[in-house]
Amino acid sequence: MYDKFANQLNTLNEAGNLRHIRKDLSNSNLLDLSSNDYLGIASDESLMNEFLACKELNSYCMTSSASRLLSIKQNSYDELEKFLASTYKKEALLFNSGYHANTGIIPAICDKSTLVLCDKLVHASIINGIILSGSKFIRFKHNDMNHLQSLVEKYHNDYPTILVITESVFSMDGDICDLQHLVSIKRKYKNILLYIDEAHGFGVFGNQGLGVCEQENLINDIDIIIATLGKAAASVGAFAITNSLLKDFLINTARSFIFSTMLPPINCEWSLITIKKILSMNAERRHLISMSDIINSFIRSKGYDTDSHSQIIPIIIGDSRKTIASSQKLFELGYIALPIRIPTVPAGTERIRISLNAAIETSSIEHLIQDLDKIL
Ligand SMILES: Cc1ncc(COP(=O)(O)O)c(C=O)c1O
């Protein structure tokens with residue numbers, strides 16, 4: 001009975017795709033280029049110590065002891081949602097994680113009469129949400145708005161609702177969706193809902209770090225924006241920004257919201273602090289993009305293809321074993337830059353994913369380039 005599991009592990013191993021949990025990464029001499037702590041808040045000890053020393057700390061609960069609908073401890077959630085709502089000038093609803101948000105919201109708002117059009121490279125949690133919904137779905141070519149437009153034109157009379165889902169900043173490529181073009185498509189039709197996952201845009205883009213939707217002044221044109229709190233916000237959880245009707249609808253229908261124990265209030269208190277900090281981190285945002293420009297132009301000069309315009313930079317090696325070997329060489333040179341393989345990225349596009357954080361100094365980037373030059 002267990003043979004099939006063992007065989008599957010063997011197959012993964014033979015292809016260089018076996019994953020394991022590494023115990024050798026906690027060496028503080030290594031430069032971490034794999035974390036999603038984009039603004040460096042997770043490593044800001046003074047902010048954390050301030051939080052841990054605050055006098056209200058022992059009144060913050062370590063557990064909600066129930067799902068949100070049944071919990072008697074609502075203050076921290078309400079406060080965080082109210083802050084997000086007033087910042088985005090829309091309604092906000094918290095979820096336990098980005099994974100919960102995508103697998104809960106998409107099946108709630110879609111049914112068999114909905115057509116879902118999603119980018120070819122959206123995150124696994126979005127795909128899982130779509131599969132759970134049972135809706136027909138078609139993936140448009142990555143960031144290809146003309147392909148999306150042709151699909152909408154072909155199908156808009158056949159479905160009462162078309163849900164278009166994409167990411168603002170793509171998690172494995174660091175390229176950015178043309179949201180202006182996307183919204184211009186939505187404006188031509190009456191039955192399009194837009195769902196944008198800003199997991200990697202939140203904190204990094206926009207004047208207050210609210211994401212690419214803020215940068216492009218399109219917050220009001222997107223029906224549902226998702227942002228996660230485990231990346232730039234250095235916490236855990238996620239939130240949806242939407243209108244009051246959809247918020248009420250999700251409270252009543254999103255199964256991951258209804259049937260899962262809510263985040264501990266203490267995490268939401270911490271999220272409130274980090275989000276308030278994010279709003280004013282424009283210098284860090286500029287630093288991230290200038291480091292990204294330097295690395296991207298170097299990588300292009302070495303003949304590697306990258307469309308990244310963000311803190312995430314792929315070095316596409318195109319083979320699992322070669323990617324592991326390059327990652328190991330970087331490890332020996334003092335960097336954590338882990339290999340990304342299938343199924344996280346399509347076969348043939350295995351890569352090193354460099355993920356920058358604002359605490360990195362420009363001098364470290366100069367060293368990184370010298371070291372990359374030795375191995376690429
Ligand atoms: C685009 C995207 N959405 C959602 C998630 C899941 O978020 P979380 O880690 O909060 O579950 C991720 C995580 O990497 C992601 O990249």
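How many residues of domain 1 are in contact with how many residues of domain 2?

1. The structure is a predicted model. The protein is divided into two parts by assignment: domain 1 comprises residues 23–39 + 281–375, and domain 2 comprises residues 61–279. Their C-alpha centres lie 27 Å apart.

2. As to the opening question, 19 residues of domain 1 are in contact with 17 residues of domain 2. On the side of domain 1 that touches domain 2, two or more residues come from each of α12 (282–301) and β9 (312–316). The largest share, 3 residues, is that of β9.

3. The largest nonpolar core contains 90 residues. Within this core, the residues with the most contacts are I105, L117, V164, I225, F239 and A240. Helix α4 gives the most to the core, namely 5 residues. Both domains take part, with at least three residues drawn from each of domain 1 and domain 2.

4. Apart from neighbours within four places in sequence, A240 is in contact with L93, F95, A101, I105, I224, I225, I226 and L250. Of these partners, I105 and I225 are also listed among the core residues with the most contacts.

5. The ligand is surrounded by 13 residues, the closest being S97, G98, Y99, H123 and A199. Helix α4 (residues 98–109) supplies the largest share of this shell, 3 residues. The shell is made up of 3 nonpolar, 8 polar and 2 charged residues.

How values were computed. Residues numbered from 1 in each chain as written. Predicted model: local features only at pLDDT ≥ 70, side-chain atom pairs only at ≥ 80, totals over all residues. Near = placed C-beta within 6 Å. Helix = DSSP H or I, 4+ residues; strand = E, 2+ residues; numbered from the N terminus. Nonpolar A, V, L, I, M, F, W, Y, C, P; charged D, E, K, R; others polar. Core = buried A, V, L, I, M, F, W, Y, C linked by C-beta atoms within 7 Å. Buried ≥ 20, exposed ≤ 12 C-beta atoms within 10 Å, placed from the backbone. Domains from an automatic or database assignment. Contact = placed C-beta atoms within 7 Å.
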